[in-house]
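Welcome! Please take a look at the structure below before reading on.

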Amino acid sequence: MEEAFGAKAYDHSGATEIGAWSYECRHQPFGMHVNEAMFLVEIEDLETGEPITEPGKKGKMVITALDRMAQPCIRFDSKDVIQWDPDPCVCGRTFRVIKGGVIGRADDMTKVKGVLLSPAAVEAVVRSFDGLGDEYELVVERPGDVDHITLKVELQTGVDRSQVEPGLRDQLRLKTNLGYDIQFFEYGSLPRYKLKARRFKDLRKQNKT
Ligand SMILES: [Zn+2]
């Protein structure tokens, strides 16, 4: 987009109910500044609902718009998963930064091997590799007593798995703290999904019944 328009692109996060509540500054990629002049952002623990104030701990955003007159939103549960960055931004703005932007959705977060897995974090890793296609499938199963995660990805034409696999494995471990059974497919062979939720399948619940 930047090349096509000859302009610098910046990300922001917003929701219809509350408006655009965060924005990226020139220090990219760092995270997004919360527009704290207009919004009060709080983070709650995903399981207990206790407030999280320390940086680096993921939780669910609860947001209050301070300037909305017609449709006030007080402690709106956006289901966005965020975490505070411990460091102030080098750009000089003092509005706090959410590290890595919105990192997941509270309704897709699930515990795998005792670790909170965010399918959005897996998607971000897959899409950061040039040798991979945009389609992928993430499947969590429990064949015995242990959770098993399979990640199916497509290789771009002419790319060998050995060029991608070590880096992909490292990034997944780093960003999600989990190990995956990675399966490689030819470009164009995985199903095409219009909705991102379909790419993630948690089959453990079906196995219980
Ligand atoms: Zn900044």
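The report below covers the domains, the interface between them and the cysteines.

## About the model

This is a predicted model, in which local features need pLDDT of at least 70 and side-chain atom pairs count only at pLDDT 80 or more, while totals for chains, interfaces and linings use all residues. Residues are numbered from 1 along each chain as its sequence is written, and side-chain values use heavy atoms, with hydrogens and water left out.

## Two domains

Let us start with the overall layout. The chain is assigned domain 1 (2–104) and domain 2 (110–208), with bounds that come from an automatic or database domain assignment. Taken over C-alpha atoms, the centres of domain 1 and domain 2 are 26 Å apart.

## Where the domains meet

Contact here means heavy atoms within 4.5 Å. By that rule, four residues of domain 1 touch five residues of domain 2. About 300 Å² is buried between domain 1 and domain 2, with 47% of it on carbon and sulfur atoms. Buried area is the accessible area (1.4 Å probe) that two parts lose on being put together, summed over both. On the side of domain 1, the most area is lost by L46, E47 and I103, which together make up 73% of what that side buries.

One salt bridge is found across this interface, the rule being a side-chain nitrogen of Lys or Arg within 4 Å of a carboxyl oxygen of Asp or Glu. K111 and E47 form a salt bridge, with their closest N and O atoms 3.2 Å apart.

## The cysteines

How many disulfides does a search of the whole structure find? The search finds zero disulfides, a disulfide being a pair of cysteine sulfur atoms within 2.5 Å. C25 counts as buried because its relative accessibility is 4%, whereas C91 is partly exposed at 31%. The cut-offs are under 20% relative accessible area for buried, over 50% for exposed and in between for partly exposed (1.4 Å probe, protein chains only).
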